Amino acid sequence: MEAGEEGASSATPTEEMNGAGNLMDFLDEPFPDVSTYEDFHTIDWLREKSRDTDRHRKITSKSKESFWELIKSLLDAWSGWVVMLLIGLLSGTLAGVIDLAVDWMTDLKEGVCLSAFWYSHEQCCWTSNETTFEDRDKCPQWQKWAELMTGHADGAGAYLLNYFLYVLWALSFSLMAVSLVRVFAPVRLRLRNPRDQDDPQRLHHPWVPGEVDPADKDASSPSTARTRASGERFYQPPRQPECRWPSVLPIGGVLFSLEEVSYYFPLKTLWRSFFAALVAAFTLRAINPFGNSRLVLFYVEYHTPWYMAELVPFILLGVFGGLWGTLFIRANIAWCRRRKTTQLGKYPVLEVIAVTGITAVLAFPNPYTRRSTSELISELFNDCGALESSQLCDYINNPNMSRPVDDIPDRPAGPGVYNALWQLALALVFKIVITIFTFGMKIPSGLFIPSMAVGAIAGRIVGIAVEQMAYHHHDWIIFKNWCRPGADCVTPGLYAMVGAAACLGGVTRMTVSLVVIMFELTGGLEYIVPLMAAAVTSKWVADAFGKEGIYESHIQLNGYPLPGREGRDSTTVEDVETLIKDTDYNGFPVVVSRESERLIGFVQRRDLTLAIKTARQKQDGVVSSSVVYFTEDAPQLPASNPQPLKLRRVLNLSPFTVTDHTPMETVVDIFRKLGLRQCLVTRSGRLLGIITKKDVLRHMAQMMNQDPESIMFN
C-alpha cells in the first residue's frame, strides 16, 4: 500500500515517538469499536503499551492546567484498581453462587427435598429434626425420585426408575448447557470452514475450561481465570455433574497465570491480579458456600506426619502421573484431530448429547462415579476417623482399643474396604477413558478436577496397599524403624492428595503453581515436600515423552491468531475498500511507492476500516474516488477532484522490524517475549516481507522434525 507523496509532517514529537497519533483526535466522535479487537484476536502488546503511554502523558500534562483536570488524572490512576475490585467482587460472588447451584443440580439427579426443593441433599437433612447420626445421609424430607413417584425406595423397579431419571436429568442438563453455549458463545459451535486453512482471522481456540482460555493468554489475571473456571462450573454433563474449580486461590491463581497462562506478565499486572484474587477470596469467605467457614473444598487435617521412606511410593505416584499425562495428551489430541478432520466435527451438539448419555449410563451403577467428582475427591482425601461411615473406612477395630479418636492405629482392612477397592479400580478406568473423550468438546468440560480424580483414586489405592503392608509386615526392614505395631503410620488420604497433584502435573506440566494450588486447596502445609516430589517427578517423566502440556498441544493443534502479510498498492478509497473486502489480512505495511518499497509504517485492518467508515459518514466530499494519503499534508489537487482522505493518524510509524540477517532463534524469542502479532522484515529500509505467528509456529515444528504443513490452523 503506497503512502502517497511524502509531505512535511506536523506530527508532534510525542506522536513520532509512539509511532502514531491518537486516533480519537482524528475522529470528532470516535466510533464505538475503535481500538478494540475482533473475537479470538491476540492483543498487540507493543502497540497498546505505546498508546497507553501516550494517553498517560497527555493526562499528566493536562493535570497541571486546572484542578478539575488533576481530579480526572487521579480518577484515571485509580480506575484500574477499581476495575480489579469490581472483578474480584463479581468473581467471588459468582463462585459462591455457582458452588451452591452445582450442589443442588448434582443432587437433583437423584432426588428432591420436599420441604424446600432448592435445598441440596446435605442442606435438606441439616434442617431436619429427625436426622440421626447413624443415618445422617437419610432424612424424611429428602426422597429419591422412585420413592416420591411410587412410594417404594427399594427393589428392582425403584432402581431402574432412579437409573432412568438419572440419565434423563443428565441429558436435560447437557442439552441446556450446549444451548447456552450456542446462544452466548456461538463460535464454540462454528463448523470448520475450508477457507479457515488460509484465513488468518478465522480462529477457533481450544477453550480449556477449568483454567484459562488460551484466547485469554493476554489477560494474565487470576480473577479472569477464576471467572472462566466459575462459568465452567455451571454444569459439566459428560462427567459427574460438575468439573468445578474448588475455591478461590489468591496465591495459586497468580502463580498459575505467571507459570502456565501468560507470555506477557508485567509487574503491574502481577499486583493487580493478586488484588483481584484477594478480593474474590474475601467475598467467597463471606458467602461461605461450603458451610465450614473455609475457603477450600478439600480441607484436610491429618494427624500423622509423613516419613522419609514414604517418598518411594510418592515418587512412584509421580511416575504414574507423568505416564497418565502423556497418555491423556496423545489420546485426546488424536481424538480432537479426528473430530476436526471427519464428519464428527459437523455435529457438535449431537456429540455432546451422545457422550453425556453414554457417561450417565456407565456412571450410575458405580457409587463412586455416580456422585459428583468433587465429593469423590473429598472422600478420597479424608482420613478415616472414628466417626467416618464410608466404605473406605470399614476397618476391623480392636474392641479393647482405648486410644484418642484422632489417634487411631493402623488396622486390618474389612470387607467394605476391599469392596471399595474394586469399585475404585473400575472408577479409575472409567475416569481415564471418559476424560479423553470429553475434554475439547463444544461445551465447557474441565481438566483440573477430572485429572485430580484420576490421581486421587490411584493414590488412595496405593495408600491402602502401603497401609496394609505396614500392618501385616511391620517387621520388614522398611517399616521397622518408623511403623511399630499399634501405631498410626500410614495415611491413605495423603497418598490420594499426592496422586492428584502428580496426575494434574503430568497433564499440565505445572510445578511451582501446582504445589501452591494443592496447598491452598487442602490446607496441608506440612505435606508440601511430598507434593513437590510428586509434581517434579511427573513433569520429568512426562517431558521424557514430549515437552508440550495439554494447553500447548491444543494451541498447536488449533493454531495461533494469525496476522496477514503485506497488501498491494492502493491510492483511492475504493481501492482500499476492495482490498479489505477481498482479503482477510490483519494489517498492511505502507511503503513510499511500489518502485522503492521503502517502509513507512503499518496500518491495522480494523483501524483502517473504521476510519474510512467514519470519514464517509462525517466528512463531506469523501467518496470512493477520493485519494488516500498517509501523510499529514496532502498535495494540492485540482478543484474538480474529490476531497482526499488523510489517514496519517491511523498509521503506526514504528512497527517492529528485523533485518533479513536476524537469526530465526532471535525472532522466535521476540515473538514469545514481546507478544507480537507480526514482524516486518527489511533490508536497508526496504520492505522484504512479514513474519507472522503462523510462520513462527511452522518453523518451530520444522525444528522438531515435524511436517510444518501438518499443523492444523483452524
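Is Cys-503 buried or exposed? Cys-503 has 0% relative accessibility and counts as buried, where buried means under 20% relative accessible area, exposed over 50%, and partly exposed in between (1.4 Å probe, protein chains only).

## Basis

This is a predicted model, in which local features need pLDDT of at least 70 and side-chain atom pairs count only at pLDDT 80 or more, while totals for chains, interfaces and linings use all residues. Residues are numbered from 1 along each chain as its sequence is written, and side-chain values use heavy atoms, with hydrogens and water left out.

## Cysteines

The count comes to one disulfide, defined as a pair of cysteine sulfur atoms within 2.5 Å. Cys-113 and Cys-124 form this link, with their sulfur atoms 2.2 Å apart. The angle about the S-S bond is 75 degrees, and the link of Cys-113 and Cys-124 is right-handed. Cys-113 belongs to strand β1 (residues 111-113) and Cys-124 to helix α5 (residues 121-126), so the pair ties together parts that are 11 residues apart in sequence. Helices (H or I, at least four residues) and strands (E, at least two) are DSSP runs, numbered from the N terminus.

Cys-113 is buried at 2% relative accessibility, and Cys-124 is buried at 0%. Cys-679 also counts as buried, at 1% relative accessibility.

## Aromatic rings

There are 13 aromatic pairs. Rings of Phe, Tyr and Trp (its six-membered ring) pair if their centres lie within 6.5 Å; planes under 30 degrees apart count as stacked, over 60 as edge-to-face and the rest as tilted. One of the pairs is Trp-335 with Phe-437, which is edge-to-face, at 4.9 Å centre to centre and 75 degrees between the planes. Trp-335 lies in helix α11 (residues 311-341) and Phe-437 in helix α15 (residues 415-438), so this pair ties together parts that are 102 residues apart in sequence. Trp-335 is partly exposed, with a relative accessible area of 23%, and Phe-437 is partly exposed at 32%.

Tyr-159, Tyr-163, Tyr-166 and Phe-364 form one aromatic cluster.

## Charges over rings

The charged end of Arg-370 sits over the ring of Phe-364, 4.3 Å from its centre. Arg-272 lies over the face of Trp-81, at 5.5 Å from the ring centre. A charge sits over a ring if NZ of Lys or CZ of Arg is within 6 Å of the ring centre and within 35 degrees of the ring normal.

## Helix α4

Leu-70 is found in helix α4 (residues 67-108). Leu-70 is partly exposed, with a relative accessible area of 36%.
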